[in-house]
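This briefing looks at a ligand site and at pairs of aromatic rings. Please keep the sequence and the structure in view while reading.

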Amino acid sequence: MVCSQPHVYTAIFILHAVKACALDSYIAAVYEHSVILSEDTNIPVSREDALMLMNKNMDVLEEAIKAAALQGARIIVTPEDGVYGWVFTRETIYPYLEDIPDPQVNWIPCTDPERFAPAPVQERLSCIARSNAIFVVANIGDKKPCNSSDPKCPNNGHYQYNTDVVFDSEGKLVARYHKYNLFMSETQFDYPKEPELVTFNTPFGKFGLFTCFDILFHDPAVTLVSELQVDTVLFTTAWMNVLPHLTAIEFHSAWAMGLGVNFLAADTHNTSMAMTGSGIYAPDGPRAFHYDMETENGHLLVAELSSHPRLSPAYPAAVNWSAYAKSVKRFSSDDHDFNGIIFFDQFTFTELSKPEGNLTVCQKDLCCHLSYRMAEKQKDEVYVLGAFDGLHVVEGQYYLQICILLKCESTDLKTCGQPVAIAQTKFETFSLSGTFGTTYVFPEVLVSGVQLAPGEFQVLSDGRLISQNGTSKPVLTVALFGRCYEKDPPQPQSTLL
Ligand SMILES: CC(C)(CO)[C@@H](O)C(=O)NCCC(=O)NCCS
C-alpha cells in the first residue's frame with residue numbers, strides 16, 4: 001500500500017495507517033542492561049522472591065523501553081538473562097520460569113492475563129509493549145510439563161528452556177524461540193529437540209531470532225538468513241568478550257556484514273564477566289554500538305535501519321571469498337614463520353617487520369595475504385599476520401579458518417595472540433584476503449579502545465577486506481573469520497535424536 005501524507009486523515013485512521021503501511025526504514029533500539037542479580041543462586045528461592053527480582057529488572061527495562069519509544073523506536077531488544085540474571089542449577093532457576101504458549105494461540109497477556117496459568121512476567125512485558133506501542137524482545141525462561149510416558153522427561157517433570165519472546169506493539173505474543181546451542185555452563189536448561197526457525201513479519205521487514213552462542217553455528221542462525229530471508233536478526237546475548245577476535249561488537253557486526261542482514265544485538269552488562277558490547281548493525285557497517293568496561297551502567301542505543309537491507313538477493317553469494325587470494329602467488333616466504341596461540345588455537349604467524357609490505361602466511365589449506373602501509377612504524381609495537389585452519393575445541397567445538405592481522409601484547413613475539421585493548425599504530429591502507437574453503441566468512445575490524453570503525457573499510461566481490469584510507473584510530477585486529485560448518489563434529493544436542 002502507498003504511504004500517504006498523514007494530515008488528510010483523522011487521528012484514529014493515522015494510527016491504523018501507520019500500522020499497515022509498508023516502511024522503507026524504521027528506528028530500532030537495543031538496551032544493554034546491567035542485570036540485577038539474585039544474592040545466592042545456589043539456594044532455591046520462593047516464586048514471590050523470584051518475581052520480586054524479575055520485577056526489579058523489568059523496572060529498569062521499562063524505563064529504557066519508554067525512552068526508546070519516545071525516540072520513535074518501533075522495536076527494542078533486551079539482553080539474554082536480562083530478567084533474572086544467571087542461575088546455575090535446574091532447581092534454582094525453576095521459580096523464575098513460566099509456561100510460554102505457542103504464539104499461534106494469539107494471546108495478548110496484558111488484556112487477557114487469566115487465559116492460561118498466571119504468567120506475571122509475560123503479562124508485564126506485554127503491557128510494557130502495549131502501553132508504549134513498541135515491539136519488545138526479551139529473554140525469559142519457559143517450562144513445559146512432561147511425564148514418565150516420555151523417557152527423556154527430566155526428573156522434576158519439566159523441560160526448561162532458555163527462551164526469547166517478542167510482544168508486538170499491541171502486546172500480543174508474536175514469537176517464541178528456544179535457544180538451540182546452549183553454552184557450556186547452562187546446565188539449568190534443556191536442549192530443544194530441533195532447531196526452531198522463528199520469524200515474524202512487520203510493516204518494516206521480516207524478523208528472525210536466535211540467542212547468544214547460536215551465532216557460532218549453522219542452525220538456526222544461517223538458515224534464517226539464507227533460506228527464510230529475514231531482513232533483521234534479533235539477538236539476545238550474555239557475551240563474554242574474548243580479544244582479539246571474539247569480542248561482542250566485533251564478531252556480531254562481522255556476522256551482519258558477512259551474511260548481509262541487519263542485526264540488533266543486546267548484551268548484558270557485567271564488567272567482571274567481560275560482558276559488554278551491544279549494537280545496531282547493518283550489512284555495510286554499524287549504525288550504533290556500545291562497549292564500556294569502565295562503568296556498571298546500562299545503555300540505550302537507537303538508530304535508523306533500512307527495512308529491506310539485503311544489497312541484492314544474491315548477497316552474500318555475490319562475494320567470492322577466495323577469488324583474489326587464489327589468483328595470486330605467495331607474497332613472501334615462510335622463512336620467519338612462528339607459532340602462537342589465540343584463544344587456545346595454534347596459529348601460524350609472520351611479523352610485519354617493515355612499515356609497508358606484502359606478506360603471506362599459510363596453515364594447512366588456508367593461505368592469507370596482506371598488503372599494508374603503516375603511517376609510522378612504532379618501535380614499541382609489533383604486528384603479525386596469522387593463519388588458522390582447524391577445529392576449535394575449548395568452550396564448544398567448531399571448525400574455523402581465520403586470517404588475522406593483530407597487534408601483539410608486547411614486543412616479545414611470544415605474546416602475539418594475547419588480549420590487548422590499546423594501540424598506537426595507524427595503517428594508511430590494508431588489504432587482507434585468504435584461500436577460504438567456505439562461503440561463510442565474517443569480516444572484522446577492531447580499533448584501539450575496543451571500538452568499531454564504521455564506514456572505514458569494505459569487502460570487495462573478490463573477497464578482499466580493504467581499507468583504502470585506513471581507519472581513523474590505530475588498529476587492534478583486522479580479520480576474516482571463516483566458519484566451515486560442514487567440518488563441525490556432532491554437537492551435544494545431537495545425542496537427543
Ligand atoms: C566468545 C565465547 C563464545 C568464547 O567461548 C564465549 O566467551 C561466549 O561469550 N559465549 C556465549 C555465551 C553464552 O551463550 N552465554 C549465555 C549463558 S552464560
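Which residues surround the ligand? They are E80, K179, F183, E186, C212, F213, L216, A238, W239, M240, F343 and E395, where near means a heavy atom within 4 Å. The model is predicted, with local features needing pLDDT of at least 70 and side-chain atom pairs pLDDT 80 or more, while totals for chains, interfaces and linings use all residues. Residues are numbered from 1 along each chain as its sequence is written, and side-chain values use heavy atoms, without hydrogens and water.

**Ligand site**
- The shell around the ligand divides into 8 nonpolar residues, no polar ones and 4 charged ones, with Asp, Glu, Lys and Arg counted as charged.
- An N or O atom in the side chain of K179 is 3.0 Å from an oxygen atom of the ligand.
- The backbone also takes part, with an N or O atom of A238 at 3.2 Å from a ligand nitrogen atom and one of M240 at 2.8 Å from a ligand oxygen atom.
- The protein buries 96% of the 480 Å² that the ligand exposes when taken alone, by the Shrake-Rupley method with a 1.4 Å probe.

**Aromatic pairs**
- The whole structure holds 29 aromatic pairs, defined by ring centres within 6.5 Å, with planes under 30 degrees apart counted as stacked, over 60 as edge-to-face and the rest as tilted.
- W107 and F116 form an edge-to-face pair, 4.9 Å centre to centre with 90° between the planes.
- W107 is buried at 1% relative accessible area, whereas F116 is partly exposed at 33% (buried is under 20%, exposed over 50%, partly exposed in between, with a 1.4 Å probe and protein chains only).
- F213, one of the residues surrounding the ligand, pairs edge-to-face with Y398 at 6.4 Å centre to centre and 70° between the planes.

Notes
Polar contact = N/O pair within 3.5 Å; in protein donor to acceptor, adjacent residues only side chain to side chain. Phe/Tyr/Trp six-rings, centres within 6.5 Å; stacked < 30°, edge-to-face > 60°.
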